[in-house]
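This report describes selected local features of one protein chain. The sequence and the model are shown first, and the description follows.

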Amino acid sequence: MRGLAAHSNGFHSIRSLSILMSILGTIDRPGGFRHKAPFPRPIPPCAKTPTGPEGVQPNTPLAGMPLGWPADPDDLFVDEQGEPVRIDKAFSWEHPLAVHGLMHNVITNAWRGDPYKIDTLMIFMANMAWNSSMNTVDVRQMLNDKDENGEFKIPFLVVCDAFQSEMVAFADLVLPDTTYLERHDVMSMLDRPISEYDGPVDSVRVPVVPPKGECKPFQEVLIELGTRLKLPAFTHEDGSRKFRDYPDFVINYETAPGSGIGFLAGWRGKGGEKFMKGEPNPSQWELYEKNNCVFHYELPRSYQYMRNWNQGYLRWAQDHSLTRYAEPINIHIYSEVLQKFRLAAQGRTPGGRVPPERLRKRVDTYFDPLPFYYEPLEAQYSDKHRYPLNALTQRPMAMYHSWDSQNAWLRQIHTYNYLYVNAQTAQAAGIVDGGWMWAESQWGKVRCLCRYSQAVEPGTVWTWNAVGKAAGAWGLSPQANESQQGFLLNHLISEELPAHSAGEHISNSDPVTGQAGWYDVRVRIYPTDAEEPEVSSPQFEPLQPVPGQSKRPSWLAWFAGGKKGHR
């Protein structure tokens, strides 16, 4: 979801690189691109979503996975007219292989009622009123917008957050979350494992301090919701509760009754004597804690390479349910999966699903079975003479999802961000190092501070994401550096492309995968006028503290040996 993938031509760019590695013979070889368990997986993987509206029924489990890997047009999640069923339009003809979904379009689509209106939106782990959204100014307006009857277009908004983020200000209901220091967590083989090249690895977090106030881990909230709604995975046949809490859920959940596959691979079996596969172990959390919270299984040396075609490894992977079949996993240089979608767009699949007329050329073009280069979609619809520069924004490691702004020590390192510009480019525009400047796209503009950098090529500008904050958010003073000098490049990025032949409201994303085109925006830069205020723009009305929030310190810093606050 980063780097090459953050462009609307990212899928074919990465596929080109992967095919080059395949031709060179470097896949899962010493010195090459090594697999990490549970990979390699079948191409395409087996998981599938529902294939039509009939797969979504009240009081009935979803007829498929929420996310999956369509192998042909019959696997798409569309209605009889070939239009999207999901609110984000994933797994539709607009973005057929959207295995991550298109969260960046959910609020806009819900506000527009396209493809349908919603009554409740729940947001977790995403600051959609700020740095997790494109087109932030308009998205904030959408969250408050009302219809002709005076009713909110998004009627009920539930936000789960550990801090007073920008998103919390828009919530009808806030579920106060915990930080990772206050709860149990798993880095599971079933989700985003932390495996090493030599074998499977998973890990846990255990709480080191009790939750504050009324905070509750969001995992516990989900367990409670699932139980009260009597979802089959959370209740016994008689409707009684199946799991006491989240730690109990992690220990006792199995992918299928008796499968022996759960969230954690280590210390399974009644006495913890099994790994990867085995009965639930009531002491599993304690055994992880005694082993530095990490389980690491080192594969036999003969299983560590060429795993796509390594018979010994494939049999081991099947025995431990990492794959269904002990069959070679061939790399597709020419993709039959892509070709099936292309043939449908060309009308060469009699009786099969075909894309709506407006999308046929799009699918025909971008579902080429061989990778090719094309200009990012936004650039195709931009005036590149007026907006000659590429602009990038990337998250700093210390502020992923804005979650570390409350850390006094980190605030002293980066309380605000600059727009980094090649010195030659900035000087040609009349912008001084450390001076105030404007960056403008076809969608909006931001006032920010410039910093010369020889590490940036002349045709690109970039900045950190999430360092800049809205005034009054995150328990900070409305005059804090984060809001007065920090800024957000997201204001310049649109979640939708300009209207064109494929439609008026097409996501600014890769046409194959739906991966957001975060790095595609084009800008121009120029200095501010002398009389302009030396403050970042745009600015918003300062947020007020939420009920129950502790008093804000007016000054906070970190001293060696302890924390000292002056109020």
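## Salt bridges across the chain

Arg524 is partly exposed, its relative accessible area being 25%. The model in which this value was computed is a predicted one. The side chain of Arg524 forms a salt bridge with that of Glu440, at an N to O distance of 3.3 Å. Glu440 is buried, at a relative accessible area of 11%.

Arg112 lies in helix α2 (residues 106–112), while Glu496 lies in the loop between α13 (481–484) and β12 (522–527); the two are 384 residues apart. Arg112 counts as partly exposed at 28% relative accessibility, and Glu496 counts as buried at 10%.

## Other charged pairs

The side chains of Arg244 and Asp245 also form a salt bridge, with an N to O distance of 3.8 Å. Arg244 is exposed, having a relative accessible area of 60%. Asp177, Arg183, Asp185 and Arg205 are joined in a network of salt bridges. The total for the structure is 23 salt bridges. Side chains of opposite charge can pair when their charged atoms come close.

## A nonpolar surface patch

Leu4, Ile14, Leu17, Leu20 and Leu24 make up a nonpolar patch on the surface, and their accessible area together is about 450 Å². Among them, Leu17 is part of helix α1 (residues 10–24). Leu17 counts as partly exposed, with a relative accessibility of 43%.

## Helix α7 and its ends

Helix α7 spans residues 311–319, and its buried residues are Tyr313, Leu314, Trp316 and Ala317. These residues lie on the same side of α7, because they cover an arc of only 160° around the axis.

At the start of α7, a side-chain oxygen of Asn310 comes to within 3.1 Å of the backbone nitrogen of Gly312. Just after the helix, Ser321 adopts a positive phi of about 60°.

## Cysteines

How many disulfides does the structure hold? The number is 0. For Cys450, the closest cysteine sulfur is that of Cys448, and the distance of 7.7 Å is too far for a bond, because a disulfide requires sulfur atoms within 2.5 Å. Cys450 is buried, with a relative accessible area of 0%. Cys293 also counts as buried, at 16% relative accessibility.

## The loop between α1 and α2

His35 is located in the loop between α1 and α2. His35 counts as buried, with 11% relative accessibility, and its side chain makes a polar contact of 2.7 Å with the side chain of Asn308.

Pro44 is also found in the loop between α1 and α2. The peptide bond leading from Ile43 to Pro44 is cis, with omega near -10°. Phe91 lies in the loop between α1 and α2 as well. Although Phe91 is a residue other than glycine, its phi is positive, near 60°. At 0% relative accessibility, Phe91 counts as buried.

## Backbone features in other loops

Another cis peptide bond runs from Asp114 to Pro115, with omega near 10°. Pro115 sits in the loop between α2 and β1 (120–124).

Met125 is not a glycine, yet it has a positive phi of about 60°. The residue is placed in the loop between β1 and α3 (136–144). Met125 is partly exposed, with a relative accessible area of 41%.

Asn291 occupies the loop between α6 (284–290) and β6 (294–296). Its relative accessible area is 35%, so Asn291 is partly exposed. Asn291 and Ala233 are separated by 58 residues in sequence and by 30 Å in space, C-alpha to C-alpha.

Methods: Residues numbered from 1 in each chain as written. Predicted model: local features only at pLDDT ≥ 70, side-chain atom pairs only at ≥ 80, totals over all residues. Heavy atoms only, no water. Salt bridge = Lys/Arg side-chain N within 4 Å of Asp/Glu carboxyl O. Helix = DSSP H or I, 4+ residues; strand = E, 2+ residues; numbered from the N terminus. Buried < 20%, exposed > 50% of the residue type's maximum accessible area, 1.4 Å probe, protein only. Patch = residues over 30% accessible without salt bridge, like charges linked within 9 Å, V, L, I, M, F, W, Y side chains within 5 Å. Areas by Shrake-Rupley, 256 points an atom, 1.4 Å probe, with all protein chains shown as cover. Arc of directions from axis to C-beta. Polar contact = N/O pair within 3.5 Å; in protein donor to acceptor, adjacent residues only side chain to side chain.
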